[in-house]
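Q: I'd like a close look at one part of this protein, with a bit of its surroundings. Could you walk me through it?

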Amino acid sequence: MKLIKLLTILCTWLLCSTHLLQAQEVSTIKIKATVWNSNSQPIKGAVVSSSAENGKIATTDVWGTFELEVPQNEVLSVSAKGFQTKYITITQPISEIVLIEEKATDMVHLAFRDVAKQHLLGGVSYVNVNELLQKNYFTYTLEGMESLASGFNGNSNWGMGNYLFMIDGVPRETGNVTPTEIEQIVFLKGANAVALYGSRAAKGVVNIITKRGEANKTRFDLRVNSGINLPKAYPKYLGSAEYMTLYNEARRNDGLTDLYSEIDIYNYASGRNKYRYPNVDFYSADYLKNSFMRYDATAEISGGNERIRYYTNLGFTTTGSLLNFGEAKNNSNADRLNFRGNIDVNLNEYISLNVDATAIFYTGRGVNADYWGSAASVRPNRFTPLIPIDLIEKEDAASQIWIQNSNNLIDGKYLLGGTQLDQSNPIATIYAGGNNQYANRQFQFNTGFKANLGNVLKGLSFQSKFAVDYATAYSLSYNYTYATYSPTWNNYSGTDLISSLAVYNQDTKSGTQNVNGNWYRQTIAFTGQLNYDRTFAANHHLSVIALANGFQQSESAVYHRTSNANIGLLASYNFKDKYYLDFSAAYIHSAKLPPANRQALSPSVTLGWRISQEPFLKDVKAINDLKLTASASILNTDLDISDYYLYQGIYTGAGSWYGWKDGTGIQATESRRGDNPNMKFPRREEINVGIEGTFFNNSLQVNGTFFTNKITGNIIQAGVLFPSYFTTGWPVSSFIPYVNYNEDQRIGFDFGASFHKKIADIDWNIGVNGTYYETTAAKRAEVYENSYQYRQGKALDGIWGLQNLGFFQDADDIKNSPSQTFGQVKPGDIKYKDQNGDGIIDSRDEVFLGKGGWFGAPFTMGLHLSAKWKNLSFFALGVARFGANAMRNNSYFWVSGESKYSEIVRNRWTEANKQTATYPRLTTFNSDNNFRSSDFWIYTTNRFDLSKVQVTYDLTSALKMKAFVKELGVYVSGFNLLTVAPNREILEMNVGSAPQTRLFNLGLKALF
């Protein structure tokens, strides 16, 4: 409200200033000019108006001409339907004005309407993908968007969390569309921008707008790519001998005897017989290729005339695998075949319709083993994967029979290895355990029509859209059993030979194909809206939309459908493209609330002021356009209501057992929660202010938005809000209801700037976009003994844990320190700070350690640079992320018990290096004391990534057959090229999953 009052005062002052300026005597200029389009054709009906209050207005005749007399230095606006509005400062007579047609890229697709980019009112960012692909080929829909769209940090809009992802206004998935199919990506960040979409859009929207055909522009575009993926890093684990040595040390630390003898360790270290003394390295060339390929091809056909327009996209992508043995040689990470087509038809001058259809087929082929998970857990000395048959003594008749009868003689030379504890193992499974195929089918259909109701009321129209999507997925597999063999070795003759084999399981292939993982989802969406769009007296632009909108998704194994339903109203007014007022509201419905509270109103008000048209700025040559915006909104949402019927109390008949005599018993009926008929929607309450401008002959573009919002009334079930007798310990019973209580706050800003200039023969374009936000748990239902334990006032993505004081150095150190309650401790274990001074280390000593960046890094900034010289162009894109932390808490770092040892344990605590150790003592127990959340394991995720570099060469000028091939270009690009970070090795390393890769790509594009 303070902001609105301030804007009102400023506007009043400016109006007064304008009257004073107009009162002065100024010279006038008589203008007689013609308004043309870019093809030198006159434009009839163009409106030419003065920016002054009560300024003059003229309309061009059939020849495109007009006459007007205006004061010197007056700003004229020239507008016509289908053209960009042009602003001209009159310093001398002019004879002609050229208007540029509004392209699809000049319009931004907001909620249920298209708005010219100069009329946007904040809370919105967009990227024109069709233009971007000319210099930056990319493979994933939202790849690099944090460098191109302010407010989007790669994870969320303004740090809000999960956004609603839509394609052409229908809820869908990012994998349902490829970049070559996209015209524009719109990031709706502000509450004012998403209000009309209803409850499910309260955390922001990312809307993909797909391509459509253009009249009289027949095109056949072809693009092919071939790329090679190279792994960036693998986890580094200890070999067998080193593992065995340190495992013995761990046992001694626990007061146990050595498991492995010195001679065994020596033999494993010698490498003289890898079959008898295995040293299995899952990341070696024995099992992995050093790279894998990726290919894709896309064909686009579009065109039409004023009556019918069409667009078709046919694409195929295939990606290989790193695995290079057994059935895995035939692996395919993903094969994707897609078809997208649409038709727009003008039935007559009043009615038009469209029909869109998409089909996507995913297939993947894999093995029946988790190879990467096993690579992070299977110890190197556990078993020998392959047993050479030429080392089996010929006199061992039983073994020779097994060799003859084996169905799985690998390369004709090996049997599959195993042990009594490893009768099946991932390597053997990949050789002989069968294979599986994954299939996913997506069919998407939407249609709509528009009716011009101008004969009923000028400016009135109606349009509707209906969409139906089907998605199915399933897996087919052949699951075979196989025999593994454990050898008994001898060295009687001075040569290692196998005396006998122990066999586990048997080779069987049933031929039965198993079907599992069946899944389906259906989406139905509908929108109907009345539009009123009219300009009065050339200066007053009014647009009104009344709509009904909804979608519903049903999914296998999910009882309740996900639904979103609302009616909405938008009233938008602007005066002379200078002063703007938007009011939007959605009346939403949700079945998650009690019947009396299932509807709510979500209003939003937005003001805009093109300050550059005011007298005190219009003569500033450096400013081409400058606009201020402010918005206030309240959105009701059910997004964070975790389930249905939470407002109802629940009783269960499967309660605690009791009985009146021995040997008998019945179950009690117990309460699990109480009723709350007053449960209401959580609300997003937000204010944002923005600035947007272009300067220095449009070479510099700048935008920025400050936002503050609060989610109030989040629903929780908190015992501290109710008397203790609302719950019982045993029998377990509770009458505590779910209530609206918690509040989450976010405050931050986004910014963007781009500079374009031609220096000598090089056309330069550099841009920066960024987002900074802070989150706060503004209100929490909690009771703690100590102030530092409270989550209220701390970051929503806070990491909590103990504060370490290094390692216990000896028994006296342990004796003189507070008692640690997480298990027995010994010298070399982590020592923690007693925060409350009670002499006990427990969960009450946990403190706030840092932000986790769960909604994206607190500060994200992206840079992009492009340069073009003649036919050669260069593009680079980088992303910086700062302010977040993470825990080193996966199996690579938390090594205990029978875990696989990574190289991190080399600098473990021992008596010899107690002063320089960076890792706790080794143990064969669970080590709950060491492996828990604490600042010992925390690390910063600050990083800068050079995400993309591409060089493109336009070969069009070299073409001999331009009648057939109109454009031709070739490009070379690199993805994920460089990471600069204090903890780069951790950030680039995947544990338990396939590695991160760099992609080097060669592509060709052509227009026929």
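Leaving aside neighbours within four places in sequence, which residues is Arg340 in contact with?

A: Bear in mind that this is a predicted model. Once neighbours within four places in sequence are set aside, Arg340 is in contact with Ile167, Asp168, Asn176, Val177, Glu181, Thr210, Tyr311, Thr312, Asn313, Ala357, Thr358 and Gln444. Arg340 itself belongs to strand E18, which covers residues 332-346. Its relative accessibility is 4%, so Arg340 counts as buried, the cut-off being under 20%.

For some context, take helix H5, residues 262-270, where Ile265, Asn267 and Tyr268 are buried. Looking down the axis of H5, those buried residues fall within an arc of 160 degrees, so they line one face of the helix. They pack against helix H4 (240-253). Over on the other side of H5 you'll find Glu262, Ile263, Tyr266 and Ala269 exposed. Just past the end of H5, Gly271 has a positive phi of about 70 degrees.

Val224 sits in E15, and its 33% relative accessibility is why Val224 counts as partly exposed.

Definitions and conventions. Residues are numbered from 1 along each chain as its sequence is written. This is a predicted model: local features need pLDDT of at least 70, side-chain atom pairs count only at pLDDT 80 or more; totals for chains, interfaces and linings use all residues. Side-chain values use heavy atoms; hydrogens and water are left out. Helices (H or I, at least four residues) and strands (E, at least two) are DSSP runs, numbered from the N terminus. Buried means under 20% relative accessible area, exposed over 50%, partly exposed in between (1.4 Å probe, protein chains only). The arc is that of the directions from the helix axis to the C-beta atoms. Contact means heavy atoms within 4.5 Å.
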